[in-house]
Amino acid sequence: MSAAPLVGYSSSGSEDEAEAAAAAAAAAAAAGRSKPRSGVRRGGQKPLPTQRFPVPDSVLSMFSSTEEGPEDDSTKHGGRIRTFPHERGNWATHIYIPYEAKEEFLELLDMLLPRAQTFVPRLVRMEEFHLSLSQSVVLRHHWILPFVQGLKDRMASFQRFFFTANQVKIYTNQEKTRTFIGLEVSSGHAQFLDMVSAVDRVMQEFDLTTFYQDPSFHVSLAWCVGDARLQLEGQCLRELQVNFQGRDTEHRAPKMREEHLTEREDWLLKPKSAGDLSPHFLLRCHP
């Protein structure tokens with residue numbers, strides 16, 4: 001028995017497959033032309049090279065990665081040394097009662113200072129006279145207004161009083177970088193303690209350093225750079241006190257009442273002059 005012949009396909013089937021293959025190839029080619037390869041522009045052009053223009057130095061300097069702080073040159077400030085570093089946004093603050101020197105007070109100073117300069121020639125006269133109610137503290141800028149308002153509220157009830165400063169005494173700051181000749185308060189001490197207590201309560205509200213535990217209230221007359229206690233205490237101090245005997249002077253403290261604080265703006269916010277060590281404000285209480 002002979003094998004059955006293989007089934008043959010007509011030539012028209014082969015032609016259909018060829019046409020289908022050609023159509024698929026044409027579609028692929030069309031798709032390739034619609035999505036050119038990366039790096040090749042339409043029409044076969046190469047992409048233009050990317051160019052970066054240099055940034056001007058004036059612009060680069062505007063965004064420096066480090067900020068230069070203020071220059072601490074003690075020669076520009078009478079030899080005074082900053083007690084704490086300057087930080088942007090911090091304001092060093094000192095609360096005190098200013099004393100407006102009268103003619104009798106200045107005459108007294110003119111008598112005492114030359115004698116003290118024979119022991120320490122570098123002593124210089126104070127430019128302003130005051131009685132401190134706080135240590136130097138640091139406020140953030142956004143604390144200033146509520147801090148001032150807190151002081152106004154605490155101090156508004158105090159009345160005018162008199163005090164006497166008739167004891168010559170030598171002082172230094174905590175760092176022993178400056179020495180002062182001052183007149184220590186002998187009467188009126190209790191009233192000043194009450195004022196300091198009110199100031200301290202405001203300090204505590206802002207988590208700041210309060211005043212000394214046993215303060216010696218005084219009005220500084222002269223100062224010098226460095227620790228000069230050894231030269232000034234002893235014979236110099238005794239001579240100054242002898243010259244001062246019989247020259248007791250009464251000094252009147254400012255009158256602080258609520259109507260004065262609100263209407264006359266007795267509490268002033270005043271920046272220090274350019275010659276001072278750091279940007280900060282002084283809170284001054286005026287009569």
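Colleague: Is arginine 115 buried, exposed or partly exposed, and what is its relative accessible area?

Modeller: This is a predicted model, in which local features need pLDDT of at least 70 and side-chain atom pairs count only at pLDDT 80 or more, while totals for chains, interfaces and linings use all residues. Residues are numbered from 1 along each chain as its sequence is written, and side-chain values use heavy atoms, with hydrogens and water left out. With a 1.4 Å probe and protein chains only, buried means under 20% relative accessible area, exposed over 50%, and partly exposed in between. Arginine 115 is therefore classed as partly exposed, its relative accessible area being 33%.

Colleague: Which residue forms a salt bridge with arginine 115?

Modeller: A salt bridge here requires a side-chain nitrogen of Lys or Arg within 4 Å of a carboxyl oxygen of Asp or Glu. For arginine 115 the closest N and O atoms of the pair are 2.3 Å apart, and the partner is glutamate 239.

Colleague: Where do the two residues lie, and how many residues apart are they?

Modeller: Helices are DSSP runs of H or I with at least four residues, strands are runs of E with at least two, and both are numbered from the N terminus. Arginine 115 belongs to helix α3 (residues 103-117) and glutamate 239 to helix α7 (residues 235-244), so that the pair links distant parts of the chain, 124 residues apart.

Colleague: Which strands hold glutamate 184 and lysine 169?

Modeller: These two residues form a salt bridge, with closest N and O atoms 3.5 Å apart. The pair ties together parts 15 residues apart in sequence, because glutamate 184 lies in strand β6 (residues 178-187) and lysine 169 in strand β5 (residues 162-172).
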